[in-house]
Amino acid sequence: DIISEQSQPKIISKENNTTFIKKINEGVSKRFSMPDRRKGYIQKATIGNHKVYLHTGEYEDGKIGEIFIDTSKEGELVKALMNNFAIAISLGLQYGVPLDEFISAYVDTKFEPSGKVHGNDRIMSASSILDYIFRELAISYQNREDLAHTPAIGGSDRSSPEEENTEDQNQLLKIVKDITSKGFVRNNYKKNLVDLSDIKINLKGKK
């Protein structure tokens, strides 16, 4: 049988691997530890018949700093490998490796389980668990709409000149950002600002 080029596993060449390691080394300097109490989100999805739980942790500014991956129907060896893989990615993020580098390295990798994805409104299929994980992170933290299979709901947070926020709206938006996970709202804070529009908050305090 002739195997199509698209079905062949993605292979990281020696040259690309060397470049990847070089970029990691350039970014390694000081480790920025995660705050003791932090925001993040949990995304449950099913790839084939395998449940995957992605947990994220964020810095105070919303930047991702750690991930945890839980799977079902996998042996202890695979679970241990996935857990330690997540720890390695988390350490890389905390030492300053850009999330984009991991996304470029792992999106489109191919191995089982793969196939249709259920439980995620932006990703309909994945070629592997790692392909799914880093597509989700790319969409939620990097606004990588090119990696999504469905359009975003609510648009972006960027305002046109005709839609400048008032001072009170800007302050309320800051409050929403302070208490909301960036990944959970997929960087769309304004949608949550609209959802909270019926809550009356006196931002200026009592006179």
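Analyst: Start with surface. Accessible areas come from the Shrake-Rupley method with a 1.4 Å probe, and for residues only the protein chains shown count as cover. Here the protein chain exposes about 13,200 Å², and carbon and sulfur atoms hold 52% of that. This is a predicted model: local features need pLDDT of at least 70, side-chain atom pairs count only at pLDDT 80 or more, and totals for chains, interfaces and linings use all residues. Residues are numbered from 1 along each chain as its sequence is written, and side-chain values use heavy atoms, leaving out hydrogens and water.

User: What share of the 207 residues is buried?

Analyst: Buried means under 20% relative accessible area; exposed is over 50%, and partly exposed lies in between (1.4 Å probe, protein chains only). In this protein chain the buried share is 37%.

User: How many helices and strands are there?

Analyst: Both are DSSP runs, numbered from the N terminus: helices are H or I with at least four residues, strands E with at least two. The protein chain has six helices and five strands. Their order along the sequence is α-β-β-β-α-α-β-β-α-α-α.

User: How do I read strand pairing?

Analyst: Two strands pair if DSSP finds at least two bridges between them. S2 and S3 run antiparallel, joined by seven bridges. One of the links sets valine 52 against threonine 71 in S3. The two strands make a hairpin with five residues between them, and glycine 62 in the turn has a positive phi of about 95°. S3 is mostly covered, with six of its eight residues buried.

User: Which residues of the largest nonpolar core touch the most other members?

Analyst: A nonpolar core is a set of buried Ala, Val, Leu, Ile, Met, Phe, Trp, Tyr and Cys residues joined through side-chain atoms within 4.5 Å. The largest one has 34 residues, and Ile69, Tyr132, Ile133, Phe134 and Leu137 touch the most other members. H4 gives the most to this core, nine residues. Contact means heavy atoms within 4.5 Å. Leaving aside residues up to four places away in sequence, isoleucine 133 touches Val52, Leu54 and Ile69.

User: What do the buried residues of H2 pack against?

Analyst: They pack against S3, H3 and H4. Among the buried residues of H2 are Met82, Phe85 and Ile89. Glycine 96 follows H2, with a positive phi near 100°.

User: Why is H3 called largely enclosed?

Analyst: Six of the eight residues of H3 are buried, so the rest of the structure largely encloses this helix. Leu99, Phe102 and Tyr106 are among them. Just after H3, aspartate 108 has a positive phi of about 80°.
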